[in-house]
Amino acid sequence: RSGHPCVRSSDIQDDYLDLSETKQVSEAEYQKRIARGRPVPGDVIYCREGARYGNAARVLDDTLLCLGQRTMLFRPNTRTVTELIWGFLSSASAYRQASRALDGSASPHVNIGEIVAFRVPLPPVVVQEEYARVIRGHDLVRVRLRESVRKAEHLFDSLLQMAFEARL
């Protein structure tokens with residue numbers, strides 16, 4: 001593939017970015033889309049339109065991304081941890097607030113002004129940091145699990161190959 005990944009609502013799967021099927025945009029289009037800011041690690045991407053409104057994912061690495069039309073970017077301030085913003089935007093509370101603010105029936109969307117007005121619980125920084133530590137631990141387990149699944153699939157494919165070649 002050539003170009004830069006442009007995150008669409010369908011690229012947010014189970015609260016994580018899945019860039020395996022992401023649409024690529026040209027360098028010129030990429031530059032236009034990042035004029036107001038490029039997603040960087042620590043940011044949260046939120047889907048505000050369509051059937052997938054209310055989904056959120058964190059930017060976890062330095063991949064040069066840009067945003068699709070149905071998404072918006074959250075960049076936590078220095079007093080708030082990324083995991084808290086992500087956790088809130090992925091919560092039932094945020095979804096209820098978004099649902100109450102929906103505008104449009106053919107393609108539901110939440111206006112940015114409504115999202116900015118969401119009521120967000122803000123625990124003390126020490127609690128935010130503990131929450132972030134737990135989430136990061138979960139991320140490590142998730143990465144290890146995905147790698148284990150990848151290795152198991154590779155071993156299974158190798159066994160199948162050997163079986164069909166009568167080498168077992």
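Tutor: Let's start with a term: contact means heavy atoms within 4.5 Å. Keep in mind that this is a predicted model. What covers the buried residues of helix α3 includes β5 (44-47) and α2 (82-89).

Student: Which residues of α3 are buried, and what makes them line one face of the helix?

Tutor: In α3, residues 92-100, the buried ones are A94, Q97 and A98. Looking down the axis of α3, its buried residues fall within an arc of 100 degrees, so they line one face of the helix.

Student: Why is the R136 and E83 pair called a salt bridge?

Tutor: The closest N and O atoms of R136 and E83 are 3.1 Å apart. The cut-off is within 4 Å, so the pair counts. It links distant parts of the chain, with R136 in helix α5 (residues 125-164) and E83 in helix α2, 53 residues apart.

Student: How do you know whether E83 is buried or exposed?

Tutor: E83 has 6% relative accessibility. Buried means under 20%, so E83 is buried. R136 has 45%, which counts as partly exposed.

Student: What makes K32 exposed?

Tutor: Its relative accessible area is 59%, and exposed means over 50%, so K32 qualifies. K32 also forms a salt bridge with E29, with the closest N and O atoms 3.4 Å apart. Both lie in helix α1 (residues 27-33), three residues apart, about one turn of the helix.

Note on methods:
Residues are numbered from 1 along each chain as its sequence is written. This is a predicted model: local features need pLDDT of at least 70, side-chain atom pairs count only at pLDDT 80 or more; totals for chains, interfaces and linings use all residues. Side-chain values use heavy atoms; hydrogens and water are left out. Buried means under 20% relative accessible area, exposed over 50%, partly exposed in between (1.4 Å probe, protein chains only). Helices (H or I, at least four residues) and strands (E, at least two) are DSSP runs, numbered from the N terminus. The arc is that of the directions from the helix axis to the C-beta atoms. A salt bridge is a side-chain nitrogen of Lys or Arg within 4 Å of a carboxyl oxygen of Asp or Glu.
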